[in-house]
Amino acid sequence: FASVIYNKPLNSTQDSCSHRCGELLSTCSCQVTCQSLGICCRDYKEFCLQISPYSGSLMGGKDFLIENTAFNASSVLVCRFKQKIKTSGYIAKDGKAHCISPLLYETGFIPFEVSIDDGLTFPYSGTWLSVHHSKVSDEEKCTLVNETKWQYYGTPNTDGNLTLTWRSQALAATHVNIEVWGYHETGDSYSENWLAEWKYLYTLARQIPNTGERTFIPVPAEGNYSTWDFGILRIIPSTYSDGQSNIPSVWSSEHALAWHLGKDFRNDTNAWATAKCIEWDRKEEKLPNFMEEITDCPCTLAQARADTGRFHTDYGCDIEKGSVCTYHPGAVHCVRAIQASPQYAAGQQCCYDSMGMQILTHDSTGGSTPDRGHDWGSPPFMKPPRIPGFSHWLYDVISFYYCCLWSDNCHVYMKRRPSSDCRTYHPPRAASAFGDPHFLTFDGLNFTFNGQGEYVLVESNLTSLRVQGRTQQGRFPNGTGAQATGLSAVAMQENYSDVIEVRSSEDLNLEVLLNQKVVDFSEQTWMDLKGLFLHSTPDQNITVMFSSGSGVEIQGNGGFLTLTVLLPERFMNHTQGLFGVMNGNTEDEYTFRNKTTISVHASPQQLFEFGANWAIENGTSLFTYDTEFLLNNFFHGEKHNASFLPVFFPYEDPADPLVEKMVLVCDSDPFCRFDVLTTRSLRVGSSTRLSHQNHKLLVEHLEPVISCGWLDHPINGRKNGTSYLLGSTINFICNQGYELTGSKERICQVSGAWSGETPSC
């Protein structure tokens with residue numbers, strides 16, 4: 001540990017970081033924390049590489065600079081990813097080394113090494129972030145101008161020129177080639193020999209000037225190339241050979257290759273696409289039914305936006321970006337299930353109308369459609385159906401073109417991809433901590449525990465989930481460290497996932513650490529990590545989504561952190577810590593480690609003892625101690641500072657000028673008043689009040705909703721109403737010449753069943 005070598009003299013026989021990045025050596029450190037602790041081996045910066053940019057598309061071809069090491073100009077550079085994929089590097093005129101990223105069939109942080117002796121030894125190492133192709137910024141791709149035209153080219157009324165543009169400075173070349181690549185998956189579905197492949201097809205334009213633009217009239221591809229209907233364009237310097245892998249490249253977005261399809265497509269698009277749609281439908285018939293294992297949708301838009309551990313905005317239909325929902329007319333917002341289903345790696349999508357009600361495909365083409373392939377892919381990636389983005393395109397998107405966009409057979413598609421309703425959806429439970437820490441438990445109890453130290457907020461034996469919090473005295477106006485503490489850091493892990501820590505930095509911004517290393521969100525705000533997804537919004541709202549569906553949200557508020565933990569229903573009776581035992585019963589909320597409990601009416605002093613009981617130990621700590629201050633105060637110091645005594649009952653002095661202002665800011669919020677009095681800061685008080693209101697709103701949005709499930713209209717009749725939640729009424733009317741038997745009106749009841757009888761005409 002850092003403290004072991006902290007006081008050793010750095011002698012001349014010091015260890016080297018060659019081949020050893022990330023390790024703690026006997027005389028010095030090659031771990032990322034060594035810099036702030038001042039204990040790095042002398043050659044740490046030489047061998048442990050920093051790169052810029054640090055991320056790029058999984059399609060590869062991105063040139064990145066190795067920042068900290070200057071190599072001999074005559075060195076022969078080889079870059080090796082995942083210990084097996086080699087790409088050539090080069091040394092630029094300024095002596096700086098560069099690598100080219102490879103084509104990968106996965107997302108996330110990928111380890112790489114560098115050799116300067118033409119691949120004999122690889123002593124230098126770093127990590128590269130491979131990103132979902134549609135999450136890469138538009139500047140990095142070449143642009144299909146009017147993309148819809150490319151994807152409908154050859155259909156009635158769509159012809160003429162197509163234009164492709166790109167940033168000419170993205171490739172150091174005077175002349176470029178434009179290539180067409182296709183994606184396919186071979187072998188038997190859901191078997192060992194099911195493989196994914198991007199394949200070079202042909203060169204569309206050769207030796208053209210690198211001006212950043214190309215306009216052409218597309219002609220049907222020769223031979224059997226026109227059978228490839230899903231693919232991508234690649235621009236490369238003309239000095240490379242056709243289809244050469246892992247070279248500097250600029251890729252387009254992946255798209256339906258309508259523009260190069262054969263004459264049969266152009267002569268009768270509808271017939272061509274109908275035949276493809278029927279063929280797809282026959283294939284689907286033989287595949288296993290993934291619908292049985294995907295999770296049901298939240299019943300309302302409020303639930304869908306509150307359940308952030310399990311559902312995330314679908315960027316194709318986002319209420320915060322003006323609800324441009326091209327594929328889902330009538331929807332204002334859609335979400336996708338974050339985790340792919342366990343066996344078939346399938347995805348779920350849920351769409352909602354302006355009333356906040358779910359839209360179902362049975363009622364409208366704007367309804368949500370589940371996916372045989374989850375759009376974001378799923379670990380361990382590498383093989384179908386888990387390839388990020390592209391597996392999804394193959395089973396769920398190109399088939400939508402066949403059936404819905406290029407022909408009029410959308411009923412065939414919707415029959416295979418019907419919306420799930422919400423009858424089996426159970427919202428998660430929420431617990432929060434904020435201010436001079438006030439805790440609101442999963443079962444709805446609230447208390448204040450303002451100890452100083454590091455504590456278990458929640459842990460569960462179900463998935464080895466651990467969320468730990470550190471509290472520190474705040475820095476407040478007039479420079480006094482008040483007798484008040486607040487959350488300054490939260491660390492978390494589930495099973496063998498990566499460890500995430502979010503902490504308040506010196507300048508009161510949020511700092512996120514991934515396995516002890518500070519995360520830079522400048523290029524990517526969404527990261528696929530081991531056992532979790534990590535997301536940061538522009539205003540520094542951090543969400544961690546674990547594979548169990550549990551979610552952790554953290555905001556920096558007025559110097560203290562605000563924390564919310566969301567746990568799915570299966571965690572019932574499986575939690576302990578300061579957030580209590582989640583079981584719907586508040587009586588056992590204050591349970592100690594030894595399973596004894598104290599009354600829910602315990603005094604603040606007794607609660608202080610309850611909190612102290614949940615202090616962590618060094619052996620189980622998830623925190624990073626990368627400064628002398630943290631080492632001395634938290635690593636070597638007590639985990640619960642017994643000598644720090646907080647204010648249990650702050651005094652409201654009528655003569656205090658702050659009290660009058662406090663009443664205006666806080667109204668009747670007890671937590672807000674408490675915090676103003678202990679910190680002497682109205683800003684802290686108002687941020688506490690906001691966090692408290694947000695928690696109440698969240699709990700309200702996560703209230704269970706009863707759904708009776710979808711009702712069909714009778715044959716030879718119709719129905720009025722598309723809401724199927726408690727209290728909803730559906731009316732049935734028969735067509736002219738028919739009369740109705742059964743109920744002409746049915747109401748959704750508390751039992752979850754519809755009133756009356758099934759009508760018929």
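This is a short tour of the structure, one selection at a time. The model is a predicted one, so keep that in mind as you click along.

**Colour by domain**

Start by giving each assigned domain its own colour: domain 1 (49-131), domain 2 (138-262), domain 3 (269-417), domain 4 (429-626) and domain 5 (717-755).

**Domain 1 and domain 4**

Where they meet, 10 residues of domain 1 are in contact with 10 residues of domain 4. About 730 Å² of area is buried between domain 1 and domain 4, and carbon and sulfur atoms give 51% of that area. If you look for salt bridges across this interface, the rule finds 0.

**The largest nonpolar core**

Next, display the side chains of Met492, Ile500, Leu534, Val552, Leu563, Phe579 and Phe610. These are the residues with the most contacts inside the largest nonpolar core, which has 94 residues in total. Strand β26 (residues 485-493) supplies the largest share of this core, with 5 residues. Because domain 1 (49-131) and domain 4 (429-626) both contribute residues, the core lies between them.

Centre the view on Leu563 for a closer look. Beyond its neighbours within four places in sequence, Leu563 is in contact with Ala431, Ser432, Ala433, Leu457, Leu487, Val490, Val552, Glu553, Ile554 and Phe579.

There is another core to visit, lying apart from the 94-residue one.

Now jump to Pro298. You will find this proline in the loop between α6 (269-286) and α7 (301-306). Is Pro298 buried or exposed? Pro298 is buried, with a relative accessible area of 0%.

To see what surrounds Pro298, select Gln303, Ala304, Phe311, Cys350, Tyr352, Gln358, Cys422 and Tyr425; these are its contacts once neighbours within four places in sequence are left aside. Pro298 and His426 are 128 residues apart along the chain, yet their C-alpha atoms are separated by 7.8 Å.

**Residues 706-761**

For the last stop, select residues 706-761. UniProt, in an unreviewed entry, places the feature "domain: Sushi" here. Switch to a cartoon view: over residues 706-761 the chain is 23% strand and 0% helix.

Terms used:
Residues numbered from 1 in each chain as written. Predicted model: local features only at pLDDT ≥ 70, side-chain atom pairs only at ≥ 80, totals over all residues. Heavy atoms only, no water. UniProt positions renumbered as here; feature names shortened; annotations may be inferred. Helix = DSSP H or I, 4+ residues; strand = E, 2+ residues; numbered from the N terminus. Core = buried A, V, L, I, M, F, W, Y, C linked by side-chain atoms within 4.5 Å. Buried < 20%, exposed > 50% of the residue type's maximum accessible area, 1.4 Å probe, protein only. Domains from an automatic or database assignment. Contact = heavy atoms within 4.5 Å. Buried area = accessible area lost by both parts, 1.4 Å probe. Salt bridge = Lys/Arg side-chain N within 4 Å of Asp/Glu carboxyl O.
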